[in-house]
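Q: Please take me through this model term by term. I would like each label set against its cut-offs.

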Amino acid sequence: MRTAMNIAPDGSRNVADLRDPASFDHVGRDEGADFAAGRVLADLADTDPRIVVGCADLTYVTRLAVFGARHPERFLYYGIAERNMLGAAAGLATTGLIPYVCTFACFSAILGYENIRTDLAYPGLPVRVLGTHAGISMGFFGTSHHATEDIAALRAVAGLMVVSAADPVATEALLRGTVEHDGPVYFRIGRGREQTVYTGVDQLRLDRPTVLARGDDVLLLATGVMVQEALAAARSLAADGVAATVADVHTLKPFPAAAVAELAAAHRSVVTVEEHTVEGGLGTLTVEALAAAGVGTPVHKHGLRDEFALVGPPTHLYRYYGLDGAGIATVARRMHERRATTRLVAEPLWTADDRAAVLRR
Amino acid sequence: MTEALAADTDVVSRLRERSIEMRLANLELVEVAGSGHYGPSFSCMEILVSLYYGFLRVRPGEPQWPGRDRFVLGKGHACSALYPILADLGFFPESTLGTFTRLGSPLGDHPDMRKIPGIDFSSGSLGHGLSIGTGMADGVRLAGRDSRVVVLLGDGELNEGQVWEAAAYAGHRGLANLLAIVDVNRVSVDGFTRDLLDFEPIDGRFAAFGWHAERVDGHSHADLLAAYRAFDERRAADPDGPPTVLVADTVAGRGVDFIEGMAEWHVGYLGGVDRDRAVASIRRMFHREGH
């Protein structure tokens, strides 16, 4: 059997002459990122012969090369052919294996949507799809490389579990916690440059959101890379005398509706935060959960609206869309001061003027 | 005539008879639904019969037997040709055939692996099957099993780009245990594949992707059995050798002479008098080909 790649024992690309310090998550810059997945899966595979990994030309950027270096016989390289990789993973799963296939979220979830639905979810196979660089974290690579609809699209797929990792510790906890899950799982993962918000894998329980900060006024429900920004916002709000709870909603399907409703009932307002469209994502799931539980706490869905994001460095984009700590704090403060009487505050609390002000800076 | 050849003739004769019976059983299924994929089902009947009665190692009483050969019906719309075969082999009761397409039946007009014993993968969306097959072929090899993986595709299905992603992968990887069969019945829903989007030479295209490719008469049990034997010989000689594709020339609707080769009969309904004519035509075919 031919193997496609000759990966260095440490999982590095092993080609110094391609290094370009100005590049972005490319050779030369990828060593700073921690995706955890390659290492965790390699560790799991040491004792679990069912685990195999597939990649589609982003082996180094996603750090799955670490797995390929340690388990070359169980590392399958598919080339730039994501749909074939997803289908092949389904075939592998029918033979008793647990395949983990990885590429950017825009290619795994958006390009591969029908394969996820028809090849993985419809037959209910234990394939794990890893979508890294989710949301707008690919920044200036542009709309083709953003994944701002993946939660909305995938929550509609019957029997698919959808989880979202706030940091590498969360990635590890989610990977370890779902090995035996009897069905497909989609992992929404960031750029591997998130600040660590978890102190240990035991801190995350699959069946409930993780409360990472506590306060009585505003409930900030965040997912993925937005969790670190929500925590920064909570610190800023505290300085202004507004007490915020920050909860990481890491499991989006099945959605922990009762736990979310219970948290919301204990606060005066709720702001959901996602680097994703507010149509069908965490905010929509939250509104539905509160309606079902009869909890009347007002909610504002903060995120991208009916739009494709601009291009720019990721941190600049988060600032522009009010998705950094300062922006989230501003939105939460306005929600708190508003004393809303409707259950859903639909108009943007981060306004066109706020965006324009960021551009002028 | 040598003994081996006489035995072969005997086998071929039995398979031929079975292909007639299964066509008639297919007509019965269509009666239940009032709609049938006659063209693409009858074009692959000899392929399915030769596989299930002459090649595949399966256990109808133990459908999930890990050591079995795998079969993926890439062209899932031909499942009404496969269901009677699975029932005849004992994967499920013959009576289940009577529920074909009715509310809540396990037997839809595209096969579901979760509902039907003997179906190794669900299909219906064209272009997926060969990818599934490459995963199965890798999986059984990683497990050290000798299983063969067979994927049946239609010639229209080759329009789907994903087929060629899978073809490239299998050729590069050296999946000698993978056998693709293309049912070249020359029609899809809109007309003749040659006019709509020509993929000939299909064997040449697969060969360029690193496959062992050969053309066979898709209605000749003798040709098909010989090709399966040669496939086994090649993979025994070189387990990391190229995958094999049999480009099987067939006739859409084969056996019902008044619809043969017609794109209009991809899906349709032969009821009443037409059904009687179809039965008569299929029986005539049996005699025409002589025993």
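Q: Which strands of chain A does helix H10 (residues 282-293) lie across, and at about what angle does H10(A) run to S11(A)?
A: The model is predicted: local features need pLDDT of at least 70, side-chain atom pairs count only at pLDDT 80 or more, and totals for chains, interfaces and linings use all residues. Residues are numbered from 1 along each chain as its sequence is written, while chains are lettered from A and ligands numbered from 1 in the order in which they are written. H10(A) lies across strand S8 (218-222), strand S11 (269-277), S12 and S13 of chain A, at about 145 degrees to S11(A). The angle, on a scale from 0 to 180 degrees, is taken between N-to-C directions of axes fitted to C-alpha atoms, for helices over the stretch in contact. Helices (H or I, at least four residues) and strands (E, at least two) are DSSP runs, numbered from the N terminus. Helix H12 (residues 325-338) of chain A also runs at about 145 degrees to S11(A), and H12(A) lies across S8, strand S9 (244-248), S11, S12 and S13 of chain A.

Q: What makes S7 and S13 of chain A edge strands?
A: Strand S7 (210-213) and strand S13 (344-345) of chain A each pair on one side only. Two strands pair if DSSP finds at least two bridges between them. S13(A) and strand S12 (residues 299-304) of chain A have 2 bridges, in the parallel sense, with A:Val299 opposite A:Leu344. The open sheet has 6 strands in the order S7-S9-S8-S11-S12-S13 (chain A), with mixed pairing.

Q: Why is H3(A) called oblique to H5(B)?
A: The axes of helix H3 (residues 82-94) of chain A and helix H5 (residues 129-142) of chain B cross at roughly 45 degrees and come within 6 Å. That angle makes H3(A) oblique to H5(B), since under 35 degrees counts as roughly parallel, over 145 as roughly antiparallel, 65 to 115 as roughly perpendicular and the rest as oblique.

Q: How are the residues of the contact of H3(A) with H5(B) divided?
A: There are 6 nonpolar, 9 polar and 1 charged. Ala, Val, Leu, Ile, Met, Phe, Trp, Tyr, Cys and Pro count as nonpolar, Asp, Glu, Lys and Arg as charged, and the others, Gly among them, as polar. Among the residues that meet are A:Gly87 and A:Gly91 from H3(A), and B:Gly135 and B:Asp138 from H5(B).

Q: How many residues does each chain give to the contact, and which element of chain B gives the largest share?
A: Chain B gives 27 residues and chain A gives 23, where two residues are in contact if their C-beta atoms, placed from the backbone, lie within 7 Å. H5(B) supplies the largest share of the chain B side, 11 residues. By class, that side has 9 nonpolar, 11 polar and 7 charged residues.

Q: Why is S3(A) said to be largely enclosed by the rest of the structure?
A: A residue is buried if 20 or more other C-beta atoms lie within 10 Å of its own. In S3(A), 7 of the 7 residues are buried, so the strand is largely enclosed by the rest of the structure. S3(A) runs parallel to S1(A), joined by 5 bridges, and parallel to S4(A), also over 5 bridges. A:Cys102 stands opposite A:Cys55 and has A:Leu130 as its bridge partner in S4(A).

Q: Which residues of H1(A) are buried, and what do they pack against?
A: The buried residues are A:Ala37, A:Gly38, A:Val40, A:Leu41, A:Ala42 and A:Ala45. They pack against strand S1 (51-55), helix H2 (65-70), strand S3 (98-104), strand S4 (128-132) and H7 of chain A.

Methods:
Buried ≥ 20, exposed ≤ 12 C-beta atoms within 10 Å, placed from the backbone.
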